[in-house]
Amino acid sequence: MTRSDQLAYLKNSGSGEVEKKDIKFRSESRVIREASSMILDYLKPFGLDESGAFEIKLCVEEAVRNAIVHGNKSDPARQVKLGYWIEDGVVNIEIEDEGSGFKPELVKDPTKDENLTRNSGRGVYLIKKLMDKVEYIGPGNKVRMTKRIK
Amino acid sequence: MGVRVEAKNGLTVCHVDGEIDINSSPQIKKSFDKLISQKTPKLVINLSKVTYVDSSGLATLVEILKNMKSYGGRMRLACMSSKVKSLFEITKLEKLFEIMVDEESAVATF
């Protein structure tokens, strides 16, 4: 895909706005892989390298899993909203659940010696390390993460 | 995802292939529970065919290690891809595990 093709792909029917994809999922474990596959398919035309694909897949799956398990308490009737778009070479991903939110600053650092064998907080930590920017919005039930595509 | 077990030079080598994630972790844990119940003394897990690991997969490997240590067993990880190894570096789990470059050295020096 040429640069002009990419720009054409990014523009939404002449409005000048970057097209944002919005999808809603039921809280079922199968959607974890569906969500990451959708985003990787969307990014394919932009020349995402193997390492970037691995990292984005991991971060999306960790965030969707947290939304389903911790946010929506695995209640299939509750929805997970997924939004994604690319702008100026940066992929933006938003994942929102219907839970009461959480405070990321209260998550224990899983890399401290005393926490290495604990199995909590590692997903949140990986997202923080692998994405360029991570924000928890509102009460913490929505995460927005961004990463420059190489 | 699959786990193949072989005896080699008096110790046990497990070859895992595919993805170690939230979907496959229960099955992987089950495969290793049998080795743990037999109190396998020395175990090498060859990860050369593992293409992806998520935090559930890392947690599963930590659980296997903890269970082995509970009876004095030892475990080594070998042949990780650079992407999988980077997760052990980022999460500092490299401090917890014995990580070897290849299966031969993992077996020969155990």
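Predicted model: local features only at pLDDT ≥ 70, side-chain atom pairs only at ≥ 80, totals over all residues.
1. Start with the strand order. Five strands of chain A form an open sheet, ordered E1-E2-E3-E5-E4. The pairing is antiparallel. Strand E1 (21-26) and strand E4 (133-137) of chain A are the edges, each pairing on one side only. From one strand to the next, the twist averages 15°.

2. **The E3-E5 pair of chain A.** Strand E3 (residues 90-96) and strand E5 (residues 142-148) of chain A run antiparallel and are joined by seven bridges.

3. **The contact between the chains.** In chain A, 18 residues are in contact with 14 residues of chain B. On the chain A side, helix H3 (50-71) and helix H4 (122-130) are the elements that give two or more residues. H3(A) gives the most, with six residues. What is the make-up of the side of chain A that touches chain B? Its residues divide into seven nonpolar, six polar and five charged.

4. **Strand E4 of chain B.** Strand E4 (residues 74-78) of chain B is mostly covered, with four of its five residues buried. Strand E3 (residues 42-53) of chain B runs parallel to E4(B), and five bridges join the two. Lys42(B) has Arg74(B) in E4(B) as its bridge partner.

5. The chain passes from E3(B) through H2(B) to E4(B). This β-α-β crossover is right-handed. Helix H2 (residues 55-69) of chain B has 15 residues. From first C-alpha to last, H2(B) reaches 21 Å, close to the 21 Å expected at 1.5 Å a residue.

6. **Burial in H2(B).** Which residues of H2(B) are buried? Among them are Ser55(B), Ser56(B), Gly57(B) and Leu58(B). Further along, the buried residues include Leu61(B), Ile64(B), Leu65(B) and Met68(B). As background, residues three or four places apart in an α-helix point the same way, because there are 3.6 residues a turn.

7. Arg76(B) has Glu98(B) in E5(B) as its bridge partner. Together with helix H3 (residues 82-90) of chain B, E4(B) and E5(B) make a right-handed β-α-β unit.

Notes. Residues numbered from 1 in each chain as written. Chains lettered and ligands numbered in written order. Expected span 1.5 Å × (residues − 1). Buried ≥ 20, exposed ≤ 12 C-beta atoms within 10 Å, placed from the backbone. Pairing = 2+ DSSP bridges. Axes fitted to C-alpha atoms, helices over the stretch in contact; angles between N-to-C directions. Contact = placed C-beta atoms within 7 Å. Nonpolar A, V, L, I, M, F, W, Y, C, P; charged D, E, K, R; others polar. Right-handed = clockwise from strand over helix to strand, strands pointing away.
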